Amino acid sequence: MIRTIRVSLVDYVNAWPLTWGILRGAVEGFEHITDVPAMCAERLRKGEAEAGLIPSVEAARIPGIRIVRGLGIASRERVRSVLLASRVPFEKITRVGLDVSSRSSAAMVQVLLKDLFDITPEFKFAVPDLPEMLRHYDAALVIGDRALTSDLSSFEVLDLAEAWHSLTGKPFVFAVWAVRPSVQPEPFMWSRDFGRRRIDEIVREATKRTRVGESVLREYLQGNLHHDLDKDDEDGLAEFFRRAARHGLIPSPDLPPFAEVPLVPRFEE
C-alpha cells in the first residue's frame with residue numbers, strides 16, 4: 001500500500017509546471033491542499049502537512065525540514081509576476097504594503113529597498129487589493145496571477161527579479177519544495193516531469209485562468225521562470241539567505257539540508 005503524503009501547494013499559474021502531476025492525480029500517494037504561499041509554510045510548520053511548496057525564505061524558519069534539490073520556482077532576470085508598484089519614485093518610498101499571502105517576496109522587497117536604494121520604509125502586511133493598498137501606502141507588493149493581470153501603467157514598477165539580478169548578478173529562487181525527513185523527494189520530480197510533458201495543456205489552462213495571451217504565458221512559464229534549479233540557483237538562494245539574515249529577517253544564513261537527490265543540469269527547451 002502506498003503511504004499518503006499530505007502536501008500543501010499554491011494554485012498559482014507559476015507553480016503549475018511543478019504541481020501539475022499532483023493536481024491532476026497523475027502521481028500516486030498525495031493528498032493535496034491548495035493554499036496561498038504563506039499558508040503552505042504555516043501548515044508544514046504546524047504539522048498539518050508533511051510537504052509544502054513554500055516561500056524560499058520560510059525554509060530558514062521551519063526547523064527539521066529538507067529542501068528537495070533541483071526543483072523550485074525561480075527567475076534568472078525578469079519575473080513579471082512579483083512586482084512593487086509605487087506612486088512615488090522608489091527612493092522616496094516611506095510606507096510599503098506587503099501582500100499578506102507572500103513571504104519570500106516580502107523579505108526580498110525589504111532587502112532590495114535597503115541594499116539598492118538605501119531606504120528603510122515602514123512595512124505592513126495587507127489584504128492584496130492593489131487600489132486599496134495604494135490608498136494607504138506609497139507602494140504595494142503584487143504577486144502571482146494578480147501581478148500578471150493588473151494594469152500598472154500609471155505607477156513606477158520594480159520587477160523584483162530584475163532588481164535582484166542587478167544587485168547580485170544571480171537568479172532568485174521564490175519557492176521550494178520542503179519536506180519532512182520521512183518524505184522521499186522523487187514523487188515531486190515525477191510531478192515536474194508530468195508538467196513538462198504537458199506544457200501545452202498548462203499554457204491553455206493558464207490562458208483560461210488569466211485571460212493573458214498564450215504566447216505571453218508560454219514566455220512567462222518557460223522564459224521568465226524556470227523550475228529546474230542548478231548550482232547558480234543554489235548560489236542565488238544562499239546569497240538571499242545571507243542578506244536576509246544580515247537584515248534580521250531570518251535567524252540564520254545557513255541553508256537547510258537538501259533531500260538526497262543529485263543536482264542535475266537545468267532542463268532547457
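**Arg196, a partly exposed residue, and its salt bridge with Asp228.** Arg196 has a relative accessible area of 28%, where buried means under 20%, exposed over 50% and partly exposed in between (1.4 Å probe, protein chains only). The model is predicted, so local features need pLDDT of at least 70 and side-chain atom pairs count only at pLDDT 80 or more, whereas totals for chains, interfaces and linings use all residues. Residues are numbered from 1 along each chain as its sequence is written, and side-chain values use heavy atoms, with hydrogens and water left out. The side chains of Asp228 and Arg196 meet at 2.8 Å, N to O, in a salt bridge (a side-chain nitrogen of Lys or Arg within 4 Å of a carboxyl oxygen of Asp or Glu). This pair links distant parts of the chain, 32 residues apart, with Asp228 in strand S12 (residues 226-228) and Arg196 in helix H7; helices (H or I, at least four residues) and strands (E, at least two) are DSSP runs numbered from the N terminus. Asp228 is buried, at 9% relative accessibility.

**The salt bridge between Asp200 and Arg218.** The closest N and O atoms of Asp200 and Arg218 are 3.0 Å apart. Asp200 lies in helix H8 (residues 199-210) and Arg218 in helix H9 (residues 214-224), so the pair ties together parts 18 residues apart in sequence. Both residues are partly exposed: Asp200 at 42% relative accessibility and Arg218 with a relative accessible area of 30%. Elsewhere, salt bridges that share partners join Glu42, Arg45, Lys46, Glu58, Arg61 and Arg103 into one network. A search of the whole structure finds 28 salt bridges.

Gly195 is buried, with 0% relative accessibility. Residues up to four places away in sequence aside, Gly195 touches Pro17, Trp20 and Ile202, contact meaning heavy atoms within 4.5 Å. The C-alpha atoms of Gly195 and Arg45 are separated by 27 Å, the two residues being 150 residues apart along the chain.

**Helix H2 (residues 37-46) and its buried residues.** Pro37, Ala38, Cys40, Ala41, Arg43 and Leu44 are the buried residues of H2, and they pack against strands S1 (5-9), S2 (30-34), S3 (51-55) and S11 (172-179). Arg43, at 18% relative accessibility, forms a salt bridge with Asp35, their closest N and O atoms lying 2.7 Å apart. Asp35 is also buried, with a relative accessible area of 13%. Gly47, which follows H2, has a positive phi near 85°.

**Strand S3 and its partners S1 and S11.** Five of the five residues of S3 are buried. S1 and S3 run parallel and are joined by two bridges; strands count as paired if DSSP finds at least two bridges between them. Within this pairing, Val7 has Ala51 as its bridge partner. S3 pairs with S11 in the antiparallel sense over five bridges, and Gly52 stands opposite Ala178 there.

**The open five-stranded sheet, ordered S8-S7-S9-S6-S10.** The pairing in this sheet is mixed. The edge strands, S8 (122-126) and S10 (156-159), each pair on one side only. Neighbouring strands are turned by 25° against each other on average, direction ignored; axes are lines fitted to C-alpha atoms, for helices over the stretch in contact, and angles run from 0 to 180 degrees between N-to-C directions. S7 (residues 95-99) is largely enclosed by the rest of the structure, because four of its five residues are buried. S7 pairs in the parallel sense with S8 over five bridges and with S9 (residues 139-143) over two bridges. Asp99 has Ala126 in S8 as its bridge partner, while Gly97 stands opposite Ala140 in S9.

**Helices H3 and H6 lying across the sheet strands.** H3 (residues 104-117) lies across S6 (82-86), S7, S8, S9 and S10, at about 150° to S7. H6 lies across S6, S9 and S10, at about 65° to S10. Ser166 belongs to H6 (residues 160-168) and is exposed, with a relative accessible area of 58%. The C-alpha atoms of Ser166 and Leu116 are separated by 8.9 Å, although the residues are 50 apart along the chain.

**Asp159 in strand S10, buried without a salt bridge.** The nearest side chain of opposite charge is that of Arg78, 4.4 Å away; Lys and Arg count as positive and Asp and Glu as negative, with His and the chain ends not counted. A polar atom of the Asp159 side chain lies 2.8 Å from the backbone nitrogen of Arg80. Beyond four places in sequence, Asp159 touches Glu77, Arg78, Val79, Arg80, Val82 and Leu83.

Technical notes:
A polar contact is a pair of N or O atoms within 3.5 Å; within protein, one must be able to donate a hydrogen and the other to accept it, and residues adjacent in sequence count only if both atoms are side-chain atoms.
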